[in-house]
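Have the structure open while you read.

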Amino acid sequence: MNIAVVIRQVPDLIEPLEIDASGSALDLDSASFIVNESDDHALEQAILLKEAGGATVNVVALDFGNVDDTLYAASAKGADRIFKIPLDGLPPPPRAAAALFAEAIKPLQADLVLVGVQAHDELDGGVSPFLAAAMNLPYVGVIRGVKAASEPGTISVCKEFPGAVMARLKVKLPAVLGILGAEQPPRYVPVSRIRAAMKSTQFEERSVATSPSEPLLSVCRLYPPASGSRAEMLSGSETEVAARIAEILAQKGMVK
Amino acid sequence: MSAQDILVLAEIQRDALADSTLELLAAARGLAKAGGGQVLALVFSPDGARHAPSLSAADRIIAVDDPQLTAYSPEPFLAALQEIIASEKPRAVLIGGTSIGWDLGPLLAARLGAPLVTGCKAIEADGDALRVTASFCGGKMLAEVRAKASPAILVALPGSFRPDGEAGKAVVEQRKPAAPLSAGAIAFDDWILPQAGDVDITQQDMLVAVGRGIQQKDNLELAEELAQTLGGAVCASRPVVDQGWLPPTRQVGKSGMTVKPKLYLALGISGAPEHQEGMKAADLIIAVNTDPKAPIFDIAHYGAEVDALDLLPALTAALQAKKG
Ligand SMILES: Cc1cc2nc3c(=O)[nH]c(=O)nc-3n(C[C@H](O)[C@H](O)[C@H](O)COP(=O)(O)OP(=O)(O)OC[C@H]3O[C@@H](n4cnc5c(N)ncnc54)[C@H](O)[C@@H]3O)c2cc1C
Ligand SMILES: Nc1ncnc2c1ncn2[C@@H]1O[C@H](COP(=O)(O)O)[C@@H](O)[C@H]1O
């Protein structure tokens, strides 16, 4: 099986987020970047499929943020080929990004394209379904777990529903899947293996061009949620906070 | 039929209408009023009349029946939806931010070349355009966006609109697609239900919820001790369950359980919209997080900016002292 995996960089939400001078976009210069979590699961799922039945794992990423670190880690985990798409400036919104990924992935003739189902910096979310549309392939998302199926040319996937319920679906290949979780948590790779990968891995550059399209949405303003609804904050050391919480619970008759 | 109509895609989950659909109908009502249009509810069902009472907030109910619409598969669902949009020409299509909505919203926007907003928390008419407030960056930011082209495809953030109980005239129109729908490449096999036997967190009054901030599996013991002292149970956000530290039956949120305990003590949980979806309605929410900007503090009643790992044993001890 020939698998393509899309990996994106997103601002790390643990760090403070700043808004740029336009007031309508994040200030990406002040952000620090990490791999998009569901893309990391998509990569893990691809590696698990490779281990289970043999596959070539192609990773495709926009050349942005700390992507090299992420891509060396992907190589250390078992990715076979790594493609970087050069960018002029900042990464485009989902639909335009999907068009770039589609151009880069088409020549790979992939049977299966795995993309994280969500990135938190998307307002018109879904690189994964837009990529499927751009490649004219079937799509289903919110997937946790992909397995080979008995019928050739198909795979079996689980789609999450509320209440820890999943639907098992049979998917004819080629197809694009929006991955929420891999069957196992993304593996840890020791720094030594990443260092080794830095020496041995060659990134392949894929320059792609797409015709620019009129944006369908305009962002007027970006702002942090109002602080009016915020919680009453309990201050002090953890012992003091613990005492206050115990008091609140006792007052409400919750300590029995 | 009017260019000002608002189409709501109704979703049936386990034979009942999804809560998200009632929220969409409320959002649609406001928009329809502003433009002088009607609220249309689209339901895939051979028996639309069965769903009419719960969809009564709509002005018209269109029920579409086809063998391919009994179990979910993206392609036939999308084809049926597109056919109705082509005939009704609504100004906006409102879709729930559910497992199905996350597929259909973007796929539909791609097919129609229409604007799409996901994570919609508020929607207003603004002349010809729609002005939408959407959640962004895991709830740490809000964005105000304008969508001009029609129809706009709006995927709502669950819990953002309050069903208002306002009833329309709700006439059911039962239809069939112009041509039978084809199955497409994706076929439903079966449902996998969670394994029974674990604690049912939806029935617990006191929940100690742990998130990624708990850092290691061993630290769950601290949460377990606190839950025992409180007479409750431990539940978790997704990353903890992803790691396999707790079973999926303990996950709270979009893909997990929806809980409404007397106490929800959130430890090391950022409060992403997908988590809030499952716990927002708790009577008392106390959040502990080292990040003062964590969105969980926006919905908590009390908050503390301390290390959850230090607080856990301190709180267990304080409660044990109170119990005497
Ligand atoms: C389709 C879909 C469905 C989803 N379904 C669910 C779902 O059902 N349930 C769910 O929970 N999520 C769900 N998610 C994931 C959700 O988007 C978030 O990624 C997840 O809720 C984050 O979990 P978290 O808060 O534990 O982790 P993070 O967002 O990483 O937050 C960890 C928090 O811990 C704090 N912290 C770190 N160390 C400490 C410490 N020592 N003491 C105190 N605080 C500390 C940090 O400041 C941070 O705020 C879903 C996502 C998608 C796309
Ligand atoms: N969205 C859903 N999530 C979980 N279970 C569902 C959902 N939709 C239907 N079911 C269950 O799946 C079975 C068949 O559903 P249906 O054919 O839609 O009536 C029934 O047992 C339903 O309870």
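1. Let's begin with the rings. Counting over all chains, there are 6 aromatic pairs in the structure. One of them joins A:Phe33 and A:Phe64 edge-to-face, with 5.0 Å centre to centre and 85° between the planes. A:Phe33 sits in strand β3 (residues 33–35) of chain A, while A:Phe64 is in the loop between β4 (56–62) and α2 (67–77), so this pair ties together parts that are 31 residues apart in sequence. Do keep in mind that this is a predicted model.

2. Now over to chain B, which is split into domain 1 (6–175) and domain 2 (201–323). The C-alpha centres of these two domains of chain B are 33 Å apart.

3. How much area do domain 1 and domain 2 of chain B bury between them? It comes to about 670 Å², with 58% of it on carbon and sulfur atoms. Of the area that domain 1 buries against domain 2, 52% is supplied by B:Gly138, B:Lys140 and B:Pro158, more than by any other three residues. In terms of contacts, 10 residues of domain 1 of chain B touch 12 residues of domain 2.

4. Sorted by class, the side of domain 1 that touches domain 2 in chain B has 3 nonpolar, 6 polar and 1 charged residues.

Conventions. Residues numbered from 1 in each chain as written. Chains lettered and ligands numbered in written order. Predicted model: local features only at pLDDT ≥ 70, side-chain atom pairs only at ≥ 80, totals over all residues. Heavy atoms only, no water. Domains from an automatic or database assignment. Contact = heavy atoms within 4.5 Å. Buried area = accessible area lost by both parts, 1.4 Å probe. Nonpolar A, V, L, I, M, F, W, Y, C, P; charged D, E, K, R; others polar. Phe/Tyr/Trp six-rings, centres within 6.5 Å; stacked < 30°, edge-to-face > 60°. Helix = DSSP H or I, 4+ residues; strand = E, 2+ residues; numbered from the N terminus.
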